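Subject: Structure handover

Hello,

Here is the structure you asked to take over. Please open it next to this email and follow along.

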Amino acid sequence: MMLDRPAGELYYEVQGEGEEVIIYLNGFASGISNWYPVIKGLKGRYRNVLYDYIGTGESRNGEEYEFCFDSYCADLGALIGQIGADRVHLVGYSMGGWIAQEFTVHHPGKVSSLVLINSSPRIFARQHWIISHLIEVLKFAEISVFSKLMFISYYPPSILKSMMPILNESRT
């Protein structure tokens, strides 16, 4: 199914039955098919909602879409409204965990529970900048450059200084 957004269309699927809703948030460069094995045993008990962020998978973005956490959170809020849920359980993997945390901070009344998988407890300023400028970074570099930027954004400058020779050796 598609949800029209001001600067794109958000693709989503609802699988399973139940009054409680679980929304799964993908990690960077992953898609909804990664969740299929996870929800297999939950379909009889929950409504499982999978979706592609605008600009990924089956979703489509317009030229005006801003790739930032505010947009991702607004899209998540619109999706919750579209499926008619008052409160949801959020399961976020990696970058999806950051979006889930950001949404929960701003809309705690809409979140019943929060599950984070392989996600840091907060978004550091450098990570926010990298995600916000993802399109520009990828226009001029390969995905490996983006991965390195995300990797180095986790560590303080003192550790990075010792790691830079290793990072510079690896070109893939």
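Below is what turned up in it, from the overall layout down to single residues.

Please keep in mind that this is a predicted model.

**Overall layout**

The chain has seven helices and seven strands. Read from the N terminus, the elements run β-β-β-α-β-β-α-β-α-β-α-α-α-α. Of the 172 residues, 40% are buried. Residues 24 or more positions apart account for 64% of them.

**Strand S2 and its partners**

Start with strand S2, residues 8–15. Six of its eight residues are buried, so the strand is mostly covered. S2 pairs with S1 in the antiparallel sense, over four bridges. The two form a hairpin, with two residues between them. To find this pairing on screen, look for Met2, which stands opposite Tyr11 in S2.

S2 also pairs with S5, again antiparallel, over two bridges. Here Gly8 stands opposite Asn61 in S5. S4 is another partner of S2. Four bridges join S2 to S4, and the two run antiparallel. Glu13 has Leu50 in S4 as its bridge partner.

Strand S4 covers residues 47–51, and Asn48 sits in it. Is Asn48 buried or exposed? Asn48 is buried, with a relative accessible area of 0%. Leave aside its neighbours within four places in sequence. Asn48 is then in contact with Glu13, Val14, Gln15, Ile22, Tyr24, Ile39, Leu42 and Lys43. Gly18 is 30 residues from Asn48 in sequence, and their C-alpha atoms are 8.9 Å apart in space.

**Parallel strands S6 and S7**

Next, go to strands S6 (residues 88–93) and S7 (residues 111–117). They run parallel and are joined by six bridges. Gly92 has Leu116 in S7 as its bridge partner. How does the chain get from S6 to S7? It crosses through helix H3, residues 95–106. This β-α-β crossover is right-handed.

On the H2 side, the contact is made by Phe69, Tyr72, Cys73, Leu76, Gly77 and Ile80. On the H3 side, it is made by Met95, Trp98, Ile99, Glu102 and Phe103.

**Salt bridges**

How many salt bridges does a search of the whole structure find? It finds two.

One joins the side chains of Arg5 and Asp75, at 2.8 Å from N to O. Arg5 lies in strand S1 (residues 2–5) and Asp75 in helix H2 (residues 69–82), so the pair ties together parts that are 70 residues apart in sequence. Asp75 is buried, at 4% relative accessible area.

The other joins the side chains of Arg60 and Glu9, at 2.7 Å from N to O. Arg60 lies in strand S5 (residues 60–61) and Glu9 in S2, so this pair ties together parts that are 51 residues apart in sequence. Arg60 is partly exposed, with a relative accessible area of 46%. Glu9 is partly exposed too, at 26%.

Most residues other than glycine have a negative phi. Which way do Ser94 and Asn118 go? Ser94 has a positive phi of about 55°, although it is not a glycine. Ser94 is found in the loop between S6 and H3. It is partly exposed, with a relative accessible area of 22%.

Asn118 also has a positive phi, near 50°, and is not a glycine either. Asn118 lies in the loop between S7 and helix H4, which covers 125–132. At 59% relative accessibility, Asn118 counts as exposed.

Best wishes

Note on methods: Residues numbered from 1 in each chain as written. Predicted model: local features only at pLDDT ≥ 70, side-chain atom pairs only at ≥ 80, totals over all residues. Heavy atoms only, no water. Pairing = 2+ DSSP bridges. Right-handed = clockwise from strand over helix to strand, strands pointing away. Salt bridge = Lys/Arg side-chain N within 4 Å of Asp/Glu carboxyl O. Buried < 20%, exposed > 50% of the residue type's maximum accessible area, 1.4 Å probe, protein only. Contact = heavy atoms within 4.5 Å.
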